[in-house]
Amino acid sequence: MQALGAAGGNFVFKLTRIHVPDGDTGSNQEPYISSFKIDGQDKPTGSLGSCEEDTTCGVNFTVEHDVPLQQAVVDVAIDIKEDDDGSGDDNELQIRLKVDNVTGQVLSGTAHSTDPNTTNNIAAGAACGGAESWDLCWEVQSVGAPTVPGTVNVCAFWNAYFVDEGKGESRTGIAVPQGTDPQPPAYKAYAASFARARVQVQSAFAPTVGEPFILDTSLDAAGCYTVPAQLLVHRSDATTVADGDLAIALLIGTQMNAPGDIRYNISDRLKPSPMNPNEFPIEEFWMGT
């Protein structure tokens, strides 16, 4: 599992291009940022350079902001004016965006022009937006998780004690760590081969932030299943899932058959034992028909 550094970090918003329309002077226009806010906090403003009318020009204007990891959405507000040589600068374009803090993708937004009064919607995932021939483009580097490809095996075991073990069978149990118990446990661990399982992973980097990832599956012969490695990314200093910690819950179940068509359903909710946090005892055992 991959652990990130300290919670929080830089949300980086970079302006990359601007398109200016035809003006009244037939010459270059001088757009500049009159207001730049992230989550309502003022950020640096300034010139976007000189751009010939009806032309798209490259710009390089970057702001950073510390955003808590548990914050799902970041609000970005940018106002563009055009320098009219002291005769009263014009309000040309206002961009309002809601950005996913994990993925850095735009969730929604608007672009507004005051002359004439026009508002256009900005679609999810867009990297540009504009109105009345003014357009602005951007790139976002979010505070979210790095991309971790592949899957990770998570394996489950039954704790059991068989008085007749060691009589020549090919597979025996694995010794259980003693932990804080002064007496070593008498039982051993046995792979939960082919057991039914439900795994629930809670992570700040789940596909839907704030909602658990749930997988219903059957374990393989080794008692293992796989989860996407991306889900197991966590922050090393976090103490809650909202801050970037990781929580995994597992329920496994199986059935033991006895003569006379009697079936024993067994389930094991993995909760640490009070005596040994590394031990997960069977909590439910009942007779079925």
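**Exercise 1. Find the cysteine that is bonded to Cys-128, and describe the link.**

Step 1. Cys-128 is joined to Cys-137 by a disulfide, with an S to S distance of 1.9 Å. The criterion for a disulfide is a pair of cysteine sulfur atoms within 2.5 Å.

Step 2. Note the basis of the values. The model is predicted: local features need pLDDT of at least 70, side-chain atom pairs count only at pLDDT 80 or more, and totals for chains, interfaces and linings use all residues. Residues are numbered from 1 along each chain as its sequence is written, and side-chain values use heavy atoms, with hydrogens and water left out.

Step 3. Take the torsion. It is 105° about the S-S bond, and the link of Cys-128 and Cys-137 is right-handed.

Step 4. Check accessibility. Buried means under 20% relative accessible area, exposed means over 50%, and partly exposed lies in between (1.4 Å probe, protein chains only). Cys-128 has 31%, so Cys-128 is partly exposed. Cys-137 has 7%, so Cys-137 is buried.

**Exercise 2. Describe how strands E13 and E14 pair.**

Step 1. Locate the strands. Strands (E, at least two residues) are DSSP runs, numbered from the N terminus. E13 covers residues 128–131 and E14 covers residues 134–141.

Step 2. Apply the pairing rule: DSSP must find at least two bridges between two strands. E13 and E14 have four bridges, in the antiparallel sense.

Step 3. Pick out a facing pair. Gly-129 stands opposite Leu-136 in E14.

Step 4. Inspect the turn. The hairpin has two residues between the strands, and Glu-132 takes a positive phi near 50°.

**Exercise 3. List the disulfides of the whole structure and give their pattern.**

Step 1. Count. The search finds three disulfides. With bonded cysteines counted along the chain, the pattern is 1-2, 3-4, 5-6.

Step 2. Take Cys-51 and Cys-57. Their sulfur atoms are 1.9 Å apart. The torsion about the S-S bond is 90°, and the link is right-handed. Cys-51 is buried at 1%. Cys-57 is buried at 16%.

Step 3. Take Cys-155 and Cys-224. The sulfur atoms of this disulfide are 1.9 Å apart. The torsion is about 95°, so the disulfide is right-handed. This pair links distant parts of the chain, with Cys-155 in strand E15 (residues 151–155) and Cys-224 in strand E21 (residues 224–228), 69 residues apart.

Step 4. Compare with the cut-offs. Cys-155 is partly exposed at 35%, whereas Cys-224 is buried at 9%.

**Exercise 4. Count the salt bridges, then work through the pairs below.**

Step 1. Apply the rule: a side-chain nitrogen of Lys or Arg within 4 Å of a carboxyl oxygen of Asp or Glu. The count comes to four salt bridges.

Step 2. Asp-75 and Lys-98 meet at 2.8 Å, N to O. Asp-75 lies in E9 and Lys-98 in E10, so the pair ties together parts that are 23 residues apart in sequence. Asp-75 is partly exposed at 33%, and Lys-98 is partly exposed at 41%.

Step 3. Arg-96 and Asp-79 meet at 2.9 Å, N to O. Arg-96 is in E10 and Asp-79 in E9, 17 residues apart. Arg-96 is partly exposed at 34%, but Asp-79 is buried at 19%.

Step 4. Lys-37 and Asp-42 meet at 3.9 Å, N to O. Lys-37 is partly exposed at 33%, while Asp-42 is exposed at 61%.
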